Amino acid sequence: MTPQAYLQQIKASSLSESTKKAIEKLLSAPDTATTAKIQELIQADIDESFKADDPAKMDDPEVMKVFADTDVELKKVEGDLESGLEFISKEMEKLEADVAQLDKIADANKLSQVRASL
Amino acid sequence: MKVEKNPGIPTVDDSFEVTAPAERAAIEKREAGASKVEKGAESSVFDAGRARFENVANVIGGWKEKGMSMLKSGWGKVSRFFGKIGKVGKEAAVVALSLPEIKDKAVEGVKSGVERGVNAVKSGAEYVKNGVLDTAAYGAMLAQDGAQFAEAKAKWAKDKTVEGGQAVYGYAAERYNSLRDGAESLVNGATERIRAAKESFGNRINAIRMKRLAAELAREELKQAEGARRVEALKARINKFQEAEKLKSMSSAISFDGSF
């Protein structure tokens, strides 16, 4: 399907006008993230339209399960990022220590050379 | 911005670009002012879901800031050393590299320093899969490379050779780039996982919505069918009464004159 054909489908849909315009704008200058952005816009439109009277209720066991699963995944992402960055942070500290030592070696070499030139 | 291996004159890229427009938007929104959700108005799945993802985007943003701060701090220290090395050939700041020929060889020298031996340091991004850093493998690689570096460092301290200075220079540059690439890849991986989680969340909630709506529709159709049956039954009873009334009325017109 061409972007133009897709846009026609969008225009003929029941999505809100602001969503339609946002999608049209995205399609006019597509990049690798365009599909994901369009999907996010459509989902946001759906969410907004269901906001006042959502058939999925907060106390619905199935909804609660979705939230629980999502929270587990989000916590895992946070944990993975935290532990990974902490590891890199420690390695960065080692590098800084190495560089400080290199400074000293450079200074010592300089002193040695100055002495030799005297 | 990625730094290529063997980049000619070694460069250390301290930029820390991540591709997270949705995350950035969430952070900007948070910074612009507390949203309705943050004030505790989780009245719907929409609000609650949005609050969950805004919250985690904030956390990820916090870690990104921390990572950037860490890298900038490291960059500050590393760049001072690089600055010193960068004066090679112009002054005797680093005497190990101040031999007469270094002036002409300065550019070529620092380039070959990176190419020589220090390429053992692999990009940290290679150790990140789906936003998870394989710390064991990455740590083993860095430790192995660190041992080689220690040798180069000791050799430079002793020999004060141009090559020694180039080698340690290249080592530090490559290691910094490796760590930066690793951190960048981690944040991008986390951002992608958040996006995927959000997509999955939306899809699953939509499926529940469809199911609930379909059930409600079935109930309404059943009610309508029942209503239609009741309508027909009522119509039949009314007809019967009307017919009965009519018949009753007609019965008054019967003439019993014996002509039956």
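**Figure 1. The largest nonpolar core of the predicted model.** This core holds 47 residues, and A:Leu81, B:Val168, B:Ala172 and B:Leu186 touch the most other members. The model is predicted. Four helices each supply at least two residues of the core: α4 (61–117) of chain A, and α2 (45–86), α4 (135–159) and α5 (162–252) of chain B. The most comes from α5(B), with 16 residues. In general, nonpolar side chains tend to be buried together in soluble globular proteins.

**Figure 2. Close-up of A:Leu81 and its contacts.** A:Leu81 is one of the core residues that touch the most other members. Neighbours within four places in sequence are left aside here. A:Leu81 is then in contact with B:Ile60, B:Trp63, B:Gly131, B:Leu186, B:Val187 and B:Ala190. Among these partners, B:Leu186 is itself named with A:Leu81 as touching the most other core members.

**Figure 3. The side of chain A that touches chain B.** Across the two chains, 45 residues of chain A are in contact with 59 residues of chain B. On the chain A side, the elements that give two or more residues are α3 (34–50) and α4. Helix α4(A) gives the most, with 32 residues. By class, this side of chain A has 20 nonpolar, nine polar and 16 charged residues.

**Figure 4. Helices α1 and α2 of chain A.** The view shows α1 (residues 3–11) and α2 (residues 17–28) of chain A. Their axes come within 10 Å and cross at roughly 175°. Angles over 145 degrees count as roughly antiparallel, so α1(A) is roughly antiparallel to α2(A). From α1(A), the contact uses A:Pro3, A:Leu7, A:Ile10 and A:Lys11. From α2(A), it uses A:Lys20, A:Ile23, A:Glu24 and A:Leu27. Five of the contact residues are nonpolar, none is polar and three are charged.

**Figure 5. A:Thr34 in helix α3 of chain A.** A:Thr34 is found in α3(A). A:Thr34 is partly exposed, because 15 other C-beta atoms lie within 10 Å, a count between the limits of 12 or fewer for exposed and 20 or more for buried. The C-alpha atoms of A:Thr34 and A:Ile23 are separated by 8.9 Å. These two residues are eleven apart along the chain. A:Ile23 also takes part in the contact of α2(A) with α1(A).

**Figure 6. B:Asn130 in a loop of chain B.** B:Asn130 is found in the loop between β1 (128–129) and β2 (132–133) of chain B. Phi of B:Asn130 is near 50°, a positive value in a residue other than glycine. With 11 other C-beta atoms within 10 Å, B:Asn130 is exposed.

**Figure 7. The two chains in outline.** Chain A has four helices and zero strands, in the order α-α-α-α from the N terminus on. Chain B has five helices and two strands, and its pattern along the sequence is α-α-α-β-β-α-α. Buried residues make up 21% of the 118 residues in chain A and 35% of the 260 residues in chain B. In chain B, 76% of the contacts with a separation of 6 or more join residues 24 or more positions apart. Chain A averages a pLDDT of 87, and 90% of its residues score at least 70. Among the elements of chain A, the mean pLDDT is lowest in α4(A), at 82, and highest in α2(A), at 96.

Note on methods: Residues numbered from 1 in each chain as written. Chains lettered and ligands numbered in written order. Predicted model: local features only at pLDDT ≥ 70, side-chain atom pairs only at ≥ 80, totals over all residues. Core = buried A, V, L, I, M, F, W, Y, C linked by C-beta atoms within 7 Å. Contact = placed C-beta atoms within 7 Å. Nonpolar A, V, L, I, M, F, W, Y, C, P; charged D, E, K, R; others polar. pLDDT = per-residue confidence, 0-100. Axes fitted to C-alpha atoms, helices over the stretch in contact; angles between N-to-C directions. Parallel < 35°, antiparallel > 145°, perpendicular 65-115°, else oblique.
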